[in-house]
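Colleague: I would like to go through some terms used for a protein model. Please set each value against its rule.

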Amino acid sequence: MYKNIIFDFDGTIADSKKCSLIATKKAFSDYGLEEPSDNQIEYYMGIPIEKSFDLMSSVELKVKERNELIALFRKNYKKIENLYLEIFDEMLTQLEILHKNAKLFIISSKKTDVLKRNLNILNIEHLFLEVIGSDKVRDYKPSPDGILYIVNKYNLNKDETVYIGDAIFDIQMAQNAGVASCAVTWGSHSVEKLKLENPDFLITSVSQLKFGG
């Protein structure tokens, strides 16, 4: 059905929830800040920490404080990602099938080097033509910058392109870019929240990822 399939990473391809919860709480605690709740962390997992940490902090962060907090988070995350990062059940099989019939990409809120490191841990980087981290775009999700970068670089037909993600920010980004949107329900945002964004598709299991053609 679609020749170009762009994925979100966290909460869509991989279950990184435990990594994010542990690393975020420890970073805030180590920095002497009130720890955000699990619900807060999960809700904002779809956008870069450069933005979400401000939204989760109970006090206004100065630039230096934000940068130091982010550095703590990244240090904590790297220590535990090998222990807790997992690919969702059946995802590898579905990606390998889609890879045969479509061009696959990833747009993530992670930095590109961290994203590539995570893909290497899961041994799936070879399945994607290009992966785009937050450092490769000017504006973060729900801005369409990431999708438009890929569309323009590879001269893709928007009508043949779908973006797949687990958060409302993903659906909003796809809509802002003028491509089809697919919401998945095994990630950070509830079915109810996702439905409010009116995605073109909403799927409840990895086996339903049958977009390539």
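Modeller: We take the helix pair and then some salt bridges.

Modeller: This is a predicted model, in which local features need pLDDT of at least 70, side-chain atom pairs count only at pLDDT 80 or more, and totals for chains, interfaces and linings use all residues. Residues are numbered from 1 along each chain as its sequence is written, and side-chain values use heavy atoms, with hydrogens and water left out.

Colleague: Why are α4 and α6 called roughly parallel?

Modeller: The axes of α4 (residues 63-84) and α6 (residues 112-122) cross at roughly 20°. Angles under 35 degrees count as roughly parallel, over 145 as roughly antiparallel, 65 to 115 as roughly perpendicular and the rest as oblique, so α4 and α6 are roughly parallel.

Colleague: What makes Lys 64 and Glu 68 a salt bridge?

Modeller: The rule asks for a side-chain nitrogen of Lys or Arg within 4 Å of a carboxyl oxygen of Asp or Glu. For Lys 64 and Glu 68 the N to O distance is 2.6 Å. The two are 4 residues apart in helix α4, and therefore separated by about one helical turn.

Colleague: How do you know whether Glu 130 is buried or exposed?

Modeller: Buried means under 20% relative accessible area, exposed over 50%, and partly exposed in between (1.4 Å probe, protein chains only). Glu 130 has 9% relative accessibility, so Glu 130 counts as buried.

Colleague: Why does Lys 153 count as partly exposed?

Modeller: Because its relative accessibility is 47%. Lys 153 forms a salt bridge with Glu 130, the closest N and O atoms being 2.9 Å apart.

Conventions:
Axes fitted to C-alpha atoms, helices over the stretch in contact; angles between N-to-C directions.
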